Amino acid sequence: MPIPAPAEILTQCPLFADLNTEQISSIAKRCTMRTTRKGEVLFSQGDDSESLFIMVEGAATISLLSEAGREMIFHIAKPGDSIGEISLLDGEPRSATCTIRDVGRVLVLRRADFLALLDDPALSRSIINVLCMLLRRSTDRAEFLALRPLRARVAHVLMGNAIEDGPRPPQVRLTQQELALMCGAARPRVNQILKALEAEGVISKDGRITLLSDMEALEDIAQELDEL
């Protein structure tokens, strides 16, 4: 599959989607394409903020590590997603760690070039919209972890990471460890819930892929407020 041109990639990114062709072209000239390796750390929590990344191919996990050493994955970036906007704006150290899940590519925009673009009102509005989206995501995340039982959290994460692939049911390619880290739970507990959902016919397994066999039932489970 041919690699999309930087300008095409930028139009698919919410941060730049509202800009006109001339503005997109100007930003594209400042970007560089970079190949990524599975397991590569693009940046770590506490690092200086030097670049904005946009996923082109593959995916990346965005995770936090507490002072007690507990890790939590709060987002998986997919093609078209931008990574690292907040640190680029405030100049503070990275608030999370970004790790590449599989071989792919990212588009890189240096902080100095990014800041030089902020005089453009259209881009400033797009940044405000994206920051609002990130704030809502953080609020939803807090509600998700604090108020939902683990069974509902597992269903919610499965639906949020489903991929449509032809006539087959939606599929999820998360490992059990990734799923556990996204749910804020221990892997054995998540494994028990997955087995129960499989026994109920809500999900099925195809090797390492989880197929969401009954989306309606999964949506009902995601809304549960009490642990069964």
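How many bridges pair β9 and β11, and in which sense? In this predicted model, in which local features need pLDDT of at least 70, side-chain atom pairs count only at pLDDT 80 or more, and totals for chains, interfaces and linings use all residues, β9 and β11 pair in the antiparallel sense over two bridges, where two strands are said to pair if DSSP finds at least two bridges between them. Residues are numbered from 1 along each chain as its sequence is written, and side-chain values use heavy atoms, with hydrogens and water left out.

The protein contains nine helices and 11 strands, these being DSSP runs numbered from the N terminus, with helices defined as H or I of at least four residues and strands as E of at least two. Its radius of gyration is 19 Å, close to the 17 Å that the globule rule gives for 228 residues, so the protein is as compact as a globular protein of that length; the radius is taken over C-alpha atoms, and the rule is 2.2 Å times the number of residues to the power 0.38. The C-alpha trace spans about 55 × 45 × 30 Å along its principal axes.

Of the 228 residues, 42% are buried, a term that denotes under 20% relative accessible area, whereas exposed denotes over 50% and partly exposed the range in between (1.4 Å probe, protein chains only). The accessible surface comes to about 12300 Å², of which 52% belongs to carbon and sulfur atoms, as computed by the Shrake-Rupley method with a 1.4 Å probe, only the protein chains shown counting as cover for residues. Among the contacts with a separation of 6 or more, 69% are accounted for by residues 24 or more positions apart, a contact being defined by heavy atoms within 4.5 Å. There are 26 positive and 33 negative side chains, and the centres of the two sets lie 5 Å apart; Lys and Arg count as positive and Asp and Glu as negative, while His and the chain ends are not counted, and each charge is placed at NZ of Lys, CZ of Arg, CG of Asp or CD of Glu.

The pairing of β9 and β11 belongs to an open sheet of three strands in the order β9-β11-β10, in which the pairing is antiparallel. Strands β9 (171–172) and β10 stand at the edges, each with a single partner strand, so one side of each is left without a neighbour in the sheet. Within this sheet, Q171 has L211 of β11 as its bridge partner, and S204 likewise stands opposite L211 in β11. Strand β10 (residues 203–206) pairs with β11 (residues 209–212) in the antiparallel sense over four bridges, and in their hairpin, which has two residues between the strands, G207 takes a positive phi near 70°.

The loop between β9 and α7 holds R173, which is partly exposed at 46% relative accessibility. The C-alpha atoms of R173 and T210 are 6.5 Å apart in space, although the two residues are 37 residues apart in sequence. When neighbours within four places in sequence are left aside, R173 is in contact with R101, I163, E178 and I209. G184, whose phi is positive, near 65°, follows α7.

Helix α6 (residues 150–160) is also mostly covered, with eight of its 11 residues buried, namely L150, R151, A152, R153, V154, A155, V157 and L158. Within α6, A152 has a relative accessible area of 1%. Not counting residues up to four places away in sequence, A152 touches I221, A222 and E224, and its C-alpha atom is separated by 8.6 Å from that of L218, 66 residues apart along the chain.

Six bridges join β3 to strand β8 (residues 104–110), with I54 standing opposite L107 in β8. Strand β3 also pairs with strand β6 (residues 82–83) in the antiparallel sense over two bridges, and here the bridge partner of I54 is S82.
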